[in-house]
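Q: Hi! Could you walk me through this protein?

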Amino acid sequence: MATRPIISLDLDNDKFESNRMPPINGKETSVGVFGGCLCICGLHWKENLNYIDVWVMKKNGDWESWTKMFSIKVHDSFPVRGFGYYLPIYSSNGALLMYCITHRVLLYYDQGWTDVKHVHCRDFYGFQVICHTPTLISLRDIVTRENM
C-alpha cells in the first residue's frame with residue numbers, strides 16, 4: 001500500500017524533508033495537532049464498512065512512533081454519512097470528541113460504544129472549531145514596537 005508523504009520544514013537547517021505517514025488506506029485524510037502531537041485521521045473502507053482511524057505520532061519528530069489511537073466503525077446510524085474530513089479535539093479515558101470538517105458537526109465516541117453520538121450545538125454553522133494549544137511564549141515578546 002503506497003501512502004502519501006508528509007512534507008515538513010526543519011527550521012534549524014531550513015530544509016524540507018519527506019516523511020512517511022502511518023499506513024492509512026483511505027484517500028480522505030486530515031492532519032492536525034492532538035494532545036500536542038501530530039495527528040492524522042483517515043476514512044477508509046474495510047469489508048464493506050467505513051472506518052475512521054485516528055493516528056498520533058507519540059514522540060515528536062519520531063516518524064516510527066505512529067500509533068493508532070482509535071478505529072471507529074461507521075454504522076448506518078452514524079450522524080455523518082460516508083465521506084468527510086475529521087479532526088480530533090479531545091480525548092480522555094477512551095472517549096473522543098472530534099469535529100467533522102466537511103459537515104461541520106461535533107461527534108462524540110467512547111470505545112465501549114458501538115455508535116458515535118452527534119453533539120448538537122445551536123447555530124454551529126456560523127463557527128469554526130480551532131484547537132487551542134497553550135504556550136508559554138508571550139505575544140508581547142514576539143511583537144515589539146521595533147517589529148511593527
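A: This is a predicted model. The protein's accessible surface comes to about 10,300 Å², and carbon and sulfur atoms make up 53% of that area.

Q: What share of the residues counts as buried?
A: Of the protein's 148 residues, 34% count as buried.

Q: Okay, switching to secondary structure. How many helices and strands are there?
A: The protein has ten strands and one helix.

Q: Which strands form the open sheet?
A: Four strands do, in the order β7-β8-β9-β10, with antiparallel pairing.

Q: Why is one side of β7 and of β10 left without a neighbour in the sheet?
A: Because β7 (86–92) and β10 (117–119) stand at the edges, each has a single partner strand.

Q: What's the twist in that sheet?
A: From one strand to the next, the twist averages 30°.

Q: Let's zoom in on β8 and β9. How many bridges join them?
A: Six bridges do, between β8 at residues 95–100 and β9 at residues 105–110. The two strands run antiparallel.

Q: Which residue in β9 is the bridge partner of Cys100?
A: That would be Val105.

Definitions and conventions. Residues numbered from 1 in each chain as written. Predicted model: local features only at pLDDT ≥ 70, side-chain atom pairs only at ≥ 80, totals over all residues. Heavy atoms only, no water. Pairing = 2+ DSSP bridges. Axes fitted to C-alpha atoms, helices over the stretch in contact; angles between N-to-C directions. Buried < 20%, exposed > 50% of the residue type's maximum accessible area, 1.4 Å probe, protein only. Areas by Shrake-Rupley, 256 points an atom, 1.4 Å probe, with all protein chains shown as cover.
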